Amino acid sequence: MIVKRYIAVDIGASSGRLVHGFLNEGKLITEEIHRFENGFQKADNHDRWNIDELIREIFVGLEKAKEKGIDEAYLGIDTWAVDYVMIREDGEKVADPVSYRDKRTNNKIEELTSHLEKEYIYEKTGIQFLELNTLYQLYAEDRELLKIADKILFIPDYIGYVLTGEKTTEVTNASTTQMLNLSSALFDEELMDLVGVSKDVFAPFANPGKALGKVLDKWSDHYDLPAIEVISVASHDTASAVAGIPATSKDDWAYLSSGTWSLIGVESPVPVNTKAAYHHNFTNERGVYGTYRILKNIMGLWMVQEVRGAYLQDISFAEMARQADELDYFTSVVDVNDTRFTNPDDMIEEIQLACKETDQPVPETIGELTNCIYSSLAISYETELNNIEKITGKEIKHLHIVGGGSNLERLNEITAERTRTTVYAGPDESSAIGNLLVQMIAVEDIRDLQEGREILSRSFDIKEYKPKK
């Protein structure tokens, strides 16, 4: 029997990877082929992504796949959400995309909602209010550049376009923008008018599982590539991460996708855009196969990454965690969702200032700073999980933690304690795994998502953390 090969391109805000996957005796076998760094740099007075370099790294990874004997494969692309590339009529990009952490959207929520009330926008979209949302990015966009743009493509859609020549707008990513109308599943014309953008500037919608086509022949002139057919997956990395959760029970579990961002929520067949959901600022993003991701965005391990970057000595994340664990937790905590932590000049100083302002012990050492962040995250997870139960009426007994943060054992332990749930940690590459599952379902290697999740439960070592009695 011919074994079908699949490659997931999974790019987050700090790193990207190409992961090869295939089925063998009822299990998913995965192998990382290529890993590379990602980050934004200042250019033209904005924080911008080097999108050309990311695409070059994808081709480098595909060449490595060919060297490993993978002569043909399917391929899916997932990345972070909300950011976009404007392209001219000739198909070339107008400029490198601006990062969602750029300060151009500061105070834009207040400006825009002076024209339309926040609760009215929430009723339309069901999306959490965050300054990084595409709605506010377009509101702040350079009008002259918008005039040049023939199409606007979100980051994974743009990468797919460069590879195949096909322009699409994948729905899980589009749903994060705070521009998609919950009822019509189309970009809301009133909101489009408000930001001065026509809905025609976006490409046609595509659902996860749509075949985009083969990689353009021209790329074989520059790279030694396998024969690749690109499939549209859940292109928002969190949507792929949720698809890649090895949950076999039906209704009593929640998820925490833990990485640069922490995203905690539940999978639902219907959106919940009630007044309570609005009050607690929960989001209703599209998931795979008609589902919704009712979740809350939390600042996440970005704070740890930035503390490490601001620290004057070279230190590993593992050593930071070890030093944090030598101390009592919950001595000093901060509001991890405060916008002051979105992109400060110095994360260490910002955390210290926040603790000083609230008359708490000021963390000085790298262990104290890391301990403060872990403590603050665990409390935030507890708060938001309680809010999820109130909003949805579900009783949450199990919490699946996936992504890189699933490897932080002590954070998993204190999360189990604070949330009073059984925590299941892993797999850590859930975005890539969910990406692979959608490809496999599209070509009928797997029947459906439930079968895929059962396969995952057999394929990976999942660690369990129970709250103490």
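In this predicted model, the sulfur of Cys 355 lies 4.2 Å from the closest cysteine sulfur, that of Cys 372, which is too far for a bond. A disulfide is a covalent bond between the sulfur atoms of two cysteines. The structure holds 0 disulfides.

**The cysteines**

- Seen from Cys 372, the closest cysteine sulfur is that of Cys 355, again at 4.2 Å and too far for a bond.
- Cys 355 is buried, with a relative accessible area of 0%.
- Cys 372 also counts as buried, at 1% relative accessibility.

**The packing of helices α14 and α15**

- Two packed helices are described by the angle between their axes and by the distance between those axes.
- Helix α14 covers residues 366-392 and helix α15 covers residues 409-419; they pack at an angle of about 35°, and their axes are 9 Å apart.
- The crossing of α14 and α15 is right-handed.
- On the α14 side, the contact is made by Tyr 374, Ser 375, Leu 377, Ala 378, Ile 379, Tyr 381, Glu 382 and Leu 385.
- On the α15 side, the contact is made by Leu 411, Ile 414, Thr 415, Arg 418 and Thr 419.
- The residues of this contact comprise 8 nonpolar, 3 polar and 2 charged ones.

**Ser 375, a residue of helix α14**

- Ser 375 is found in helix α14 and is buried, with a relative accessible area of 0%.
- Apart from its neighbours within four places in sequence, Ser 375 is in contact with Tyr 329, Phe 330, Ser 332, Val 333 and Ile 414.
- Of these partners, Ile 414 is one of the α15 residues that meet α14.
- Ser 375 and Arg 418 are 43 residues apart in sequence, and their C-alpha atoms are 9.8 Å apart in space.

**Asp 10, a residue of strand β1**

- Asp 10 has its place in strand β1, which spans residues 6-11.
- At 4% relative accessibility, Asp 10 counts as buried, because buried means under 20% relative accessible area.
- The side chain of Asp 10 makes a polar contact with the side chain of Arg 17, at 2.8 Å.
- When neighbours within four places in sequence are set aside, the residues in contact with Asp 10 are Ser 15, Gly 16, Arg 17, Asp 78, Asp 237, Glu 429, Ser 431 and Ala 432.

Conventions. Residues are numbered from 1 along each chain as its sequence is written. This is a predicted model: local features need pLDDT of at least 70, side-chain atom pairs count only at pLDDT 80 or more; totals for chains, interfaces and linings use all residues. Side-chain values use heavy atoms; hydrogens and water are left out. Axes are lines fitted to C-alpha atoms, for helices over the stretch in contact, and angles run from 0 to 180 degrees between N-to-C directions. Helices (H or I, at least four residues) and strands (E, at least two) are DSSP runs, numbered from the N terminus. A crossing is left-handed if the near helix is turned anticlockwise from the far one by less than a right angle, and right-handed if clockwise. Contact means heavy atoms within 4.5 Å. Ala, Val, Leu, Ile, Met, Phe, Trp, Tyr, Cys and Pro count as nonpolar, Asp, Glu, Lys and Arg as charged, and the others, Gly among them, as polar. A disulfide is a pair of cysteine sulfur atoms within 2.5 Å. Buried means under 20% relative accessible area, exposed over 50%, partly exposed in between (1.4 Å probe, protein chains only). A polar contact is a pair of N or O atoms within 3.5 Å; within protein, one must be able to donate a hydrogen and the other to accept it, and residues adjacent in sequence count only if both atoms are side-chain atoms.
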